[in-house]
Amino acid sequence: MNVSASTLSLTVADVDASREFLGTHLGFQVAMADDGFASLTREDAAVDIVLLRRGTQVLPAEQRDREATGLILALTVTDLDAEEARLRAAGAPITMPLREEPWGERLFQMTDPNGVVIQLVEWTSPDQAGGQTADVSEDTAMRVITPAPESVTVSPNATMAGLAAPSRGSAELSTWTVAMEAGAAGPEHSISREQVWTVTAGALEVTCDGRTERVSAGQTLVLPPDLVRRIHALEPAEAHVAMRADGVASVPGTEGTRELPWAQ
């Protein structure tokens with residue numbers, strides 16, 4: 001078999017929205033377009049993209065109402081840090097922050113208006129990009145992380161001091177400490193990943209999904225993902241928190257997600 005070109009066909013609800021997103025943020029150009037259809041290309045891209053409107057008669061009947069979900073469009077780029085900074089400055093919806101895997105893959109993700117996940121990837125070694133087994137001993141070496149002033153975030157309700165995070169040497173997890181004054185209470189919010197809170201001083205009152213628990217020093221609380229919670233300090237309190245590094249926050253009644261700066 002001789003493959004002369006590669007094209008990814010995506011069925012979406014709004015062709016114009018995905019076309020605009022891919023053109024604005026990733027430089028894809030329109031090669032052909034019609035009502036409910038667009039063919040996009042880049043001179044340096046490994047794959048062209050065809051966008052088809054859901055329900056189009058071009059597709060077989062059993063495929064017409066399917067949408068592009070559960071897939072990731074991954075593009076390998078150079079200077080990933082510069083691309084991440086450019087896209088963040090442009091207001092692109094970065095839904096998974098920049099992270100580095102222990103096997104040498106650095107990546108972050110965006111999600112377009114139709115829910116298509118676009119992942120930008122950079123490999124620390126050319127051999128790894130080609131699928132070869134590489135020496136990752138340096139990536140998996142033990143690390144000691146010292147708290148630093150630049151990793152501290154102060155909000156009206158709490159002080160978060162970042163410890164492990166992708167920007168500080170971890171690959172999968174973020175950990176940080178939380179300090180709250182007596183009577184302080186954070187806003188209602190949810191987190192996309194499970195969190196584990198170990199109270200190290202004082203006591204917290206945590207309401208999650210309509211249930212309220214008192215968590216005292218020495219106790220550990222497991223908060224499931226995507227459930228609305230609120231945390232209140234009954235007295236001066238401190239806690240240690242652990243979470244997968246790609247967790248983001250949502251606030252009821254507002255659109256979009258928010259990154260946790262101390263966990264990046």
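Visitor: What covers the buried residues of helix H2?

Guide: The cover of the buried residues of H2 includes helix H1 (15-26), strand S6 (94-100), strand S7 (105-111) and strand S8 (117-123), where a contact means heavy atoms within 4.5 Å. Helices (H or I, at least four residues) and strands (E, at least two) are DSSP runs, numbered from the N terminus. Please keep in mind that this is a predicted model, in which local features need pLDDT of at least 70 and side-chain atom pairs count only at pLDDT 80 or more, whereas totals for chains, interfaces and linings use all residues. Residues are numbered from 1 along each chain as its sequence is written, and side-chain values use heavy atoms, with hydrogens and water left out.

Visitor: Which residues of H2 are called buried, and what puts them on the same side?

Guide: In helix H2 (residues 80-89) the buried residues are Leu-80, Glu-84 and Leu-87. They lie on the same side of H2 because they cover an arc of only 70° around the axis, the arc being that of the directions from the helix axis to the C-beta atoms. An α-helix has 3.6 residues a turn, so residues three or four places apart point the same way.

Visitor: Why is Asp-79 called partly exposed, and where does it lie?

Guide: Buried means under 20% relative accessible area, exposed over 50%, and partly exposed in between (1.4 Å probe, protein chains only). Asp-79 has 45% relative accessibility and therefore counts as partly exposed; this residue lies in the loop between strand S5 (72-76) and H2, and has a positive phi of about 55° although it is not a glycine.

Visitor: What makes Asp-209 count as buried or exposed?

Guide: Its relative accessibility is 57%, so Asp-209 counts as exposed. Asp-209 is found in the loop between strand S14 (203-208) and strand S15 (211-216), and it too is a residue with a positive phi, about 55°, although it is not a glycine.

Visitor: How do you know that S14 and S17 pair?

Guide: Two strands pair if DSSP finds at least two bridges between them, and S14 and S17 have 5 bridges, in the antiparallel sense. Leu-204 stands opposite Ala-233 in S17.
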